[in-house]
Amino acid sequence: MKYIIITIILGLNTTQSALSLPDPEDIPEEVLRTEIVLEGRSPIDGEPVTLTEYVELRNQISQSRFPPNLDPEIRHQVFLLELLKFLRIFTPL
């Protein structure tokens, strides 16, 4: 009886290892890491763009005429909220 249980366990173990092999069409991760990506997605709407369009779009975004400035009052409020969030770690309600 013991030998039957051991053979069943070994039989199940070998079928699981055979099922865990990757597909033959699957490209290894090491190859994908060295691949040069020539297309991307737009940071504005997520549409596919070429490399040159992506670079132009990033330059337009970085050279915006309106830099992101916050009002000092809003900046102070954000600081207070972050401080409250930090203090709640030590003093939960």
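How much accessible surface does the protein have, and what share of it belongs to carbon and sulfur atoms? The accessible surface comes to about 9,400 Å², of which 64% belongs to carbon and sulfur atoms, as computed by the Shrake-Rupley method with a 1.4 Å probe, where for residues only the protein chains shown count as cover.

This is a predicted model, in which local features need pLDDT of at least 70 and side-chain atom pairs count only at pLDDT 80 or more, while totals for chains, interfaces and linings use all residues. Residues are numbered from 1 along each chain as its sequence is written, and side-chain values use heavy atoms, with hydrogens and water left out.

The protein has four helices and two strands, taken as DSSP runs numbered from the N terminus (helices H or I of at least four residues, strands E of at least two), and from the N terminus on the elements run α-α-β-β-α-α. Of the 93 residues, 3% count as buried (under 20% relative accessible area, with exposed over 50% and partly exposed in between, for a 1.4 Å probe and protein chains only).

The structure holds one salt bridge, meaning a side-chain nitrogen of Lys or Arg within 4 Å of a carboxyl oxygen of Asp or Glu. It joins Arg-33 to Glu-29, with the closest N and O atoms 3.1 Å apart. Because these two residues are four apart in helix H2 (residues 29-34), Arg-33 and Glu-29 are separated by about one helical turn.

| Residue | Relative accessibility | Class |
|---|---|---|
| Arg-33 | 60% | exposed |
| Phe-86 | 47% | partly exposed |
| Phe-90 | 59% | exposed |
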